[in-house]
Structure formats: structure tokens, C-alpha cells
Amino acid sequence: MDQIAGIADQIATQFGLDWWKFIAQVIIFLAVYGILKAKAFGPILSMLEQRKQRIADGEAKLEKIAKDLADAETNAKSIIDKANSEADRLIKDAGESAKSLADKKQQDAIHEAGQIMAKAREAAQLEHEQLMSQLKREFGRMVADATSRVTGKVLSADDQARLSKETAAQVSA
Amino acid sequence: MLAVSPKALGLPILENVSFLQFFTNSVLVALIVLGVILWVSRKATANMSLVPHKWQNFFELIVEFLYNQVESIVGKKMAPKAFPLLGTLFIFILISNWFGLLPGVGTIGWGEGTGPLSVSEVHEPLLRPATADLNMTFGLSVTAFLVWIYLTISEVGVWGFIVHTFGPKGGLKGLMGFVVALVFVFVGVIEVVSIFFRPVTLSFRLFGNVYAGENVLHTMSGMGGKIGSILAPFPFYFMELLVGLLQAIVFTLLCTVYIQLSTTHDDHGHDEEHH
């Protein structure tokens, strides 16, 4: 053991090992360690971490934006598709509705025209009948008057009525 | 031929002041390196912003690279605890190693005078590379060793460390299990010895490489007359730049691996035991 210690002492002396110099060098190194740890590594690593976080956030945001864009595009496409199909349906409905309305209006017009025709026909018939009736009455009165003048006899009311009736019957025939 | 004498290692700057005997030429260089690191780190971290200025960018590049390397070895959990020491070790050793290549370091000093401002050989250099002094390299390795102990104990606990070092692996039972356990106890003893030798190996490796490099440059500077003294060391400066970087990497990497080895939880082994 003493021999080993002697060899170690000899090596230490040969290579200039000295406790005070050793301690001085250790203190200097510890000072470097302290300075770098506190003033350099700490702030630099913190800055690197901050930048890494910022980049990661940016990447995440970019990814989210891309996803949102894709979603929005899908959404817009589905809305456009839906609107297109709705528009097609509306156009089709409108077409059908217009056709049905036109048919209905046409039917109504035909019906109305039929009614107008029927009414006109009725009115004409009625007027014709009234004129015929008036004509018969007038003709009866004229026959009665002519008869009275030809016969020189004053016809009674019954005679006049009978003559008018017979005349009217003959005119109608 | 010029060569750095071992006696030139750790020479006090002020020999006459007894209480400043620790203030050697390599301590002076270590203080200069400390000042350089302080200046650069202040410059890099002043007015920091998310859009970095050039000093901040430069320092961030180094710190991020080192941190990623450390994290890839020791893992995400240990990296924040281990990085300050490992990062400091790398930066300090690298700057110290390269500082020794600056003109004047090891070549300006006191010796036998040959003129008003010239000496035949520098016996007492004013500046010496800090890592060419065993006091510094041993200080670095002892500090790393103490931090290693702290990190290991705080991570796995004393009992965990003992089990990790001496505990048998493989989950064998019966007689074979007993034999394997004895082998692992023996291996554990060897492991403990190797652990205690780590500061010695780490410090001597770094010291030896930097000291040898310094000697190579001094020897080459003394060869081939005036022109030769300029041309001969030229290729070796590039080699020493590489060696300086390499030694900083080796020292830091070994410390990182030591931390990784002792703080890794042996989950796989436990899983096997459960099954």
C-alpha cells in the first residue's frame, strides 16, 4: 500500500500535481460551469424550447387551417350539391305546378266558356221566347182588331182573348 | 531543439508572492478562457429574441447540437440534468485546447537571454494551455466524477447502483444462478476499480494528448532553421486543431457514456424476471 502511495506521489510530483493548483483549476472550471449554466445554457435552451413550441404551434395551426379548409370545401360542396338538388326539385315542382295550373286554368276557361255559352244560349232563347210571346200578343191584338173592323162588331173581351189564343196557336204552329 | 519541460508545467506567475503560488501560467490561461466564455455567452444571450442575432444564432447552434448529442445518449429524462456539465466540459476543453495553438502560448516567457527581447529557450513560459496542466485535467475529471456520482445516486439510488453493479443478469436459477452471481460480484469489483480509475484515465488522456501536441509543435518550430521553423510546424497545427476537437469530444463523450451506463434502468432484465 505504501509502495502504491509512493508511486502515486512520485507521479504527482513528476507531473506537477499540487493541491492548491488543483483547487484553483477546479474553482475556475466551476465558475465556467456556473456562468454557462446560468447565463448561457438556461436562456438558450429556454429560447430553443420556446421556438420549438412556436414552430409546433404553427404546424398545429397550419394543420388545423388545412383541415378547416378541407372541411369548409367539403361543406361548401355539400351545400352547393344540396342547393343544386333543391333548385332542380324546385324547378321541377314549378314546372309541374305551372303545367297543372295551366291545365286547371284551361279547364276553368273551357268550363267558363261553356257556362257563358249556355247562359248566352239561355238568354237568347228567353229573348226569343219573349219576342215570340210579344209578337203573338201583338198579332192576336191585330187579328182581333182586324176582325173587329172587318165584321164591324165590337168584340168582347172573351172573344178577343179567344182570337188571340187561336192566332197565337196558329203562329206557333 | 525546443521542447516543453515538465518543470514548466504549472509555474507560478509571481514566484515571490508565497500565497499566490497556485496562480500559475496555466491558471492564467484558464482564467483567460473563462473570460472568453463569459464574454461570448454574454454577447450571445444579450437581447435574445425568437429571431436570433448572429451571436445568439452561433451559440444556439452549438448548444442545440451538443444537447441533441447528449440527449441521444443519456435519454430525454437525464439530458436536462447532465447537459450543463457535459456542455461546459466540451466548450471549456475545446477552447482551452485551441487556445494552446495561439502564437505566444508556451513561447513567450523567461529563459537564458540572447538579446534585449529574445531567449535561447523558454524555461518559464508566461502562458501554457490549461489542458496541458494535469491539475486542470484532473480537476475536470474529478468534477465530472463527482457530478456522475450525484446523478447516479439521485437517479437509481445507492441500492440501485449496488444492484446495477454487482447484481447478476440473465435470470438464471439454482446452482448456475449462484455461480453466475459469484461471477457478477467479481465483475462488480472490477467495475468499481475501473470506476475509481476513470478520473485518472480521463485526466491523463487529455493531458497527454495536449502536452504531446504542444511538444510536437515546439520541436517542429526548432527544426530546419528560420524557414523550417515556420514551415515544419505548419501541418501539425492542423493536426493539433483536430486533436484539440477530438480530445474535447472524447472526454465529453466518455463522461456522457458513464452517466448513461449508470443511470439506465435495467427494465428489460426486470421484465424477464417478471415473465
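Predicted model: local features only at pLDDT ≥ 70, side-chain atom pairs only at ≥ 80, totals over all residues.
Helix axes are lines fitted to C-alpha atoms, taken over the stretch in contact, and the angle between two of them runs from 0 to 180 degrees between their N-to-C directions.

**Where α2(A) packs on α1(B)**

- From α2(A), the residues that make this contact include A:Lys21, A:Ala24, A:Ile28, A:Val32, A:Ile35 and A:Leu36, while those from α1(B) include B:Val27, B:Leu31, B:Leu34, B:Leu38 and B:Arg42.
- Sorted by class, the residues in the contact of α2(A) with α1(B) are 16 nonpolar, three polar and three charged.

**The contact between the two chains**

- Chain B contributes 39 residues to the contact between the chains, and chain A contributes 31 residues.
- On the side of chain B that touches chain A, at least two residues each come from α1 (25–45), α2 (54–99) and α3 (134–166) of chain B.
- The largest share of that side of chain B, twelve residues, is supplied by α2(B).
- The residues on the side of chain B that touches chain A comprise 25 nonpolar, ten polar and four charged ones.

**How α2(B) meets α3(B)**

- Within chain B, the axes of α2(B) and α3(B) come within 11 Å of each other and cross at roughly 180 degrees.
- Since an angle over 145 degrees counts as roughly antiparallel, α2(B) and α3(B) are therefore roughly antiparallel to each other.
- On α2(B), the contact is made by B:Met78, B:Lys81, B:Ala82, B:Leu85 and B:Leu89, and on α3(B) by B:Leu140, B:Ala144, B:Val147, B:Leu151 and B:Glu155.
- The contact of α2(B) with α3(B) has eight nonpolar residues and two charged residues, but no polar ones.

**The largest nonpolar core**

- The largest nonpolar core holds 53 residues, and those that touch the most other members are B:Val33, B:Ala82, B:Leu86, B:Leu89, B:Phe90, B:Phe92 and B:Ile93.
- This core draws at least two residues each from α2 (19–151) of chain A and from α1, α2, α3, α4 (174–221) and α6 (234–263) of chain B.
- The helix that gives the most to this core is α2(B), with 18 residues.
- When residues up to four places away in sequence are not counted, B:Leu86 touches B:Val70, B:Thr252, B:Cys255 and B:Thr256.

Note on methods. Residues numbered from 1 in each chain as written. Chains lettered and ligands numbered in written order. Contact = placed C-beta atoms within 7 Å. Helix = DSSP H or I, 4+ residues; strand = E, 2+ residues; numbered from the N terminus. Nonpolar A, V, L, I, M, F, W, Y, C, P; charged D, E, K, R; others polar. Parallel < 35°, antiparallel > 145°, perpendicular 65-115°, else oblique. Core = buried A, V, L, I, M, F, W, Y, C linked by C-beta atoms within 7 Å. Buried ≥ 20, exposed ≤ 12 C-beta atoms within 10 Å, placed from the backbone.
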